[in-house]
Amino acid sequence: MNYKVKGTYDVLPHESHQWIELERKIREILSLYNMREIRTPMMEYSQVFHRESEGSDMVTKETYNFLDRSNRELTLRPEGTAGVIRSYVEHKLYATQELEKVYYIGPNFRYERPQKGRYRQFYQFGVEAIGSSDPKLDAEMIILAYDFINRLKLKDVVVKINSLGDDASRANYQKALTAHFLPHKETLCKDCQERLEKNPLRILDCKVDAQHPAVLSAPSPLDLLNESSKNHFEIVKEHLKETDIHFVIEPKLVRGLDYYSHTVFEVDAHIEGFGAQNTLGGGGRYQNMIQEMGGPDLGAVGFAFGMERLLIALNSLQIDFSKDLELDVYILTTSLEMEKPATKLLYNLRKANWVADMNYTQKAFKGQLRQALRLKAKYLVILGDEEYAKQTVSVKNTETEVQETVALSSLIEYLKDKLEK
Ligand code: AMP
């Protein structure tokens, strides 16, 4: 027997309607914000993700890297932003569009320890506003994330924001963190001891040391913002206050990727029974990636939501947001002779845009009926030899159990009248 790869899952036929509806909603809401979809490959040359500046666990420890048959170094994308920026630069989209607002939907791959809400292949939808450093756009992204969550009717959700400041502020913050953690070095986990040398910011989102007293007492980047960074963050907050969105300042929020500067934010679910993986999504501003990829010195801001977690949240709140496929009509036949007329009738019903089907496994009428009722078809159309000889069929409403004889020639009209009510 074959099994699915560890950390992956199958979306089964009775579950897929939720995914389809979630994707539909994403597209609908994002188009209100003048965003268009971008589709980039699931694999990129490794250097797209493995940039010198990126020392996050996600990139250094969790990526699926492999050589193709011509020994090219490739990586399955662990996140959406780097591929989008690679594409933006490669196609010189900055030359034609001052500000490019895009979204993407698709799978990412990370070699993480699987648990509820954490998989090795998982879907994200994400947005990027590329080409501007205007803090109003940071606010717009947070507003969009909040609006999205609100439209999904996810209530017990908190929007947390923070600022890491510009490169100079960030560098000062790194220094302050090093000074803060150095006396505690021996008591930090092994990884964090290494992080202290290379990238002390990453200590703050270490899963092992999350409750370490030194982590809890660490300084906030807000303490080290220079004037222009403070000003940037003030403008973000002022614009957020023009709306009714609820946000809290989370002074220790740093997010798990190294490319962020200035505003970072996260949307957490506080939903009962949701589990430990309660971050629905997050993002922030990134100012250096476009240049690192060989493009001009332009800023960008974006975020991504995990789609599995959105569905877990919707389901644990029992929000009825999508419907499984429902059959309008199911055809039953009383003999082998009726099978060809049934094929013709089925073809005509579908041409008239009804969701229709018949049975391909059960010859006995009883079996056909059982299947029709299991599928909750709204109407049964019974093709019987004698009736068919008179060019009529029986039509039964499965809810009211009313059965009528209808002329084949007026069947479509009859169903139209009934089903459209
Ligand atoms: P990140 O790209 O790490 O900032 O994550 C953004 C969002 O993607 C998270 O808040 C999660 O909802 C989702 N996510 C990240 N990693 C995983 C994973 N391994 N499995 C499922 N969802 C994930």
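1. In this note a residue is called buried when its relative accessible area is under 20%, exposed when that area is over 50%, and partly exposed in between, with a 1.4 Å probe and the protein chains only. Helices (H or I, at least four residues) and strands (E, at least two) are DSSP runs numbered from the N terminus. The model is a predicted one, in which local features need pLDDT of at least 70 and side-chain atom pairs count only at pLDDT 80 or more, while totals for chains, interfaces and linings use all residues. Residues are numbered from 1 along each chain as its sequence is written, and side-chain values use heavy atoms, with hydrogens and water left out.

2. Helix H10 spans residues 307-316 and is mostly covered, eight of its ten residues being buried. Those buried residues are Met 307, Glu 308, Arg 309, Leu 310, Leu 311, Ile 312, Ala 313 and Leu 314. They pack against helix H1 (16-32), strand E5 (100-109), E6, helix H4 (135-151), E10 and E11, where contact means heavy atoms within 4.5 Å. Just after H10, Gln 318 adopts a positive phi of about 55°.

3. The ligand has a shell of 14 residues, and Arg 110, Glu 112, Tyr 119, Arg 255 and Leu 280 are the closest of them; a residue counts as near a molecule or strand if one of its heavy atoms lies within 4 Å of it. Strand E6 (121-130), strand E10 (279-286) and strand E11 (300-306) each contribute at least two residues to this shell. E10 gives the most, with three residues. By type, the shell divides into four nonpolar, five polar and five charged residues. Here Ala, Val, Leu, Ile, Met, Phe, Trp, Tyr, Cys and Pro count as nonpolar, Asp, Glu, Lys and Arg as charged, and the others, Gly among them, as polar.

4. A side-chain N or O atom of Arg 255 is 2.3 Å from an oxygen atom of the ligand. Backbone atoms also take part: a polar one of Gly 281 is 3.3 Å from a ligand oxygen, and a backbone N or O atom of Gly 306 lies 3.2 Å from an oxygen atom of the ligand. Taken alone the ligand exposes 480 Å², of which the protein buries 91%; accessible areas come from the Shrake-Rupley method with a 1.4 Å probe, and for residues only the protein chains shown count as cover.

5. Side chains of opposite charge can pair when their charged atoms come close. A salt bridge is taken as a side-chain nitrogen of Lys or Arg within 4 Å of a carboxyl oxygen of Asp or Glu, and the whole structure contains 34 of them. In one, the closest N and O atoms of Arg 51 and Glu 54 are 3.5 Å apart, and both residues are buried.

6. Lys 185 and Glu 197 form a salt bridge at 2.9 Å, N to O. This pair links distant parts of the chain, twelve residues apart: Lys 185 is in the loop between helix H5 (167-181) and helix H6 (190-198), and Glu 197 is in helix H6. Lys 185 is partly exposed at 23% relative accessible area, whereas Glu 197 is exposed at 57%.

7. Asp 258 and Arg 202 form a salt bridge whose closest N and O atoms are 2.4 Å apart. The partners are 56 residues apart, Asp 258 lying in the loop between strand E8 (247-249) and strand E9 (261-269), and Arg 202 in the loop between H6 and helix H7 (213-216). Asp 258 is buried, with a relative accessible area of 8%, and Arg 202 is buried at 3%. Elsewhere, salt bridges with shared partners join Glu 21, Arg 24, Lys 25 and Glu 28 into one network.

8. Two further buried residues may be noted. Ser 46 lies in the loop between strand E2 (43-45) and helix H2 (57-60) and has a relative accessibility of 8%. The Ser 46 side chain reaches the backbone oxygen of Leu 74 at 3.2 Å. Gln 368 lies in helix H12 (residues 365-374) and is buried at 2% relative accessibility.

Terms used. A polar contact is a pair of N or O atoms within 3.5 Å; within protein, one must be able to donate a hydrogen and the other to accept it, and residues adjacent in sequence count only if both atoms are side-chain atoms.
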